Amino acid sequence: MIEKFKLPLVGALTAVVSIALVLLGNPGNMGFCIACFLRDTAGALGLHGAVAVQYARPEVIGIVIGALIVSLITKEFSSKGGSAPVTRFILGACVMIGALIFLGCPLRMVLRMAGGDINALIGLIGFVGGILAGMFFLNKGYSLKRTYDVSKTDGFALPILSILLLAVLILFPSILLFSESGPGAARAPMIIALVAGLIMGAVGFISRLCFVGGIRDSVMFKNFSMLSGFIALLVVGIIGNIIFGEFNLGFENQPVAHTEWVWNILGLGLVGFGSVLLGGCPFRQMVLAGSGNSDSTVTIFGMIFGAAVAHNFSLASSPAGTTTNGRVAFGVAAIIVIGIAVYNTFFNKKASH
């Protein structure tokens, strides 16, 4: 009985935690956003110069550490990797470019929908389409080869770096950059944000929650259990936002969002496609990295690199809409992702499974 309701409960908890973070200071409809928070963290480290989005987000630090703690307690921590790391790095960067065109990861897409943002609902069309495109290649034999046991150093890389970043954030904050205005300056108290991240990392590891996996499994295997977490998050999020006066149904005046529906579709389409090829959404990659998967760690590094490139070269969207550079970057990233899919499906037959 508990197993049956595990994912809906996780989805509901995610909604509650996310709404609480917004009420306590995070940007609207952004209790959690892996893409946005990695972008902010990249800015805090000086990897890009967009002063409005610079803050070492405790939430993403907490997700990694939470997954680490639970995986160690359950003895499921496993140092695995070696599955096309350079390809994964590139895919991670492309997924980030798509997310910053839309202005959010799949988790934030659901949170935006729960806040009444119809732009995100339109974007869902692209997200599903991207997942279906990825599934086409999976069904044709797409593979990035198998993973192997790797050194403990590789498995603990992101958790150690996350702990070091947390120590710097607490003890030596002057080393880091902090936004004084904009989304980066909107933040919940550090300790609360960290605890929220720890909770999400723990439940994410226990439940295996993945926003790409929910749709993929429901189509491929007629397994709707993970999708139930998605639905619970949306329903509880809508109810919570209505209760606290955070629900605003419509296209206009949505926090950190734009109304260019074609690019919302295309951006999330790229995110869905790339995430299927990677084997999980950005949230799932964070959890896997925390529990020892060095391939996911490389993917996260790719996403951070993508965020730095996006903001250094004006690729990221803003509430005013997309940029010309961003549209060109989307085309390049889409070609790269399609090329990776085609090559690893039809021309890399020596890959071992």
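I looked up helix α5 (residues 106-114) and helix α6 (residues 118-139), whose axes come within 8 Å and cross at roughly 140 degrees. Axes here are lines fitted to C-alpha atoms, for helices over the stretch in contact, with angles from 0 to 180 degrees between N-to-C directions. Helices are DSSP runs (H or I, at least four residues), numbered from the N terminus.

The model is predicted: local features need pLDDT of at least 70, side-chain atom pairs count only at pLDDT 80 or more, and totals for chains, interfaces and linings use all residues. Residues are numbered from 1 along each chain as its sequence is written, and side-chain values use heavy atoms, without hydrogens and water.

I then noted the contact (heavy atoms within 4.5 Å). On α5, Pro106, Met109, Arg112 and Met113 make the contact, and on α6, Asn119, Ala120, Leu121, Leu124 and Phe127.

Next I looked up pockets. A pocket is an open set of points on a 1 Å grid, where a 1.4 Å probe fits, with protein on both sides within 12 Å along at least five of seven lines; lining residues have an atom within 4 Å of a point.

The largest pocket has a volume of about 280 Å³, the space filled by probe spheres set on the points. Among its 15 lining residues, Thr41, Leu45, Leu158, Leu165 and Ile304 are the closest to the centre. I found that α8 gives the largest share of this lining, four residues.

The second largest pocket holds about 190 Å³. Its lining includes Ile90, Phe305 and Val328. Here α15 gives the largest share, five residues.

Definitions and conventions
Helices (H or I, at least four residues) and strands (E, at least two) are DSSP runs, numbered from the N terminus.
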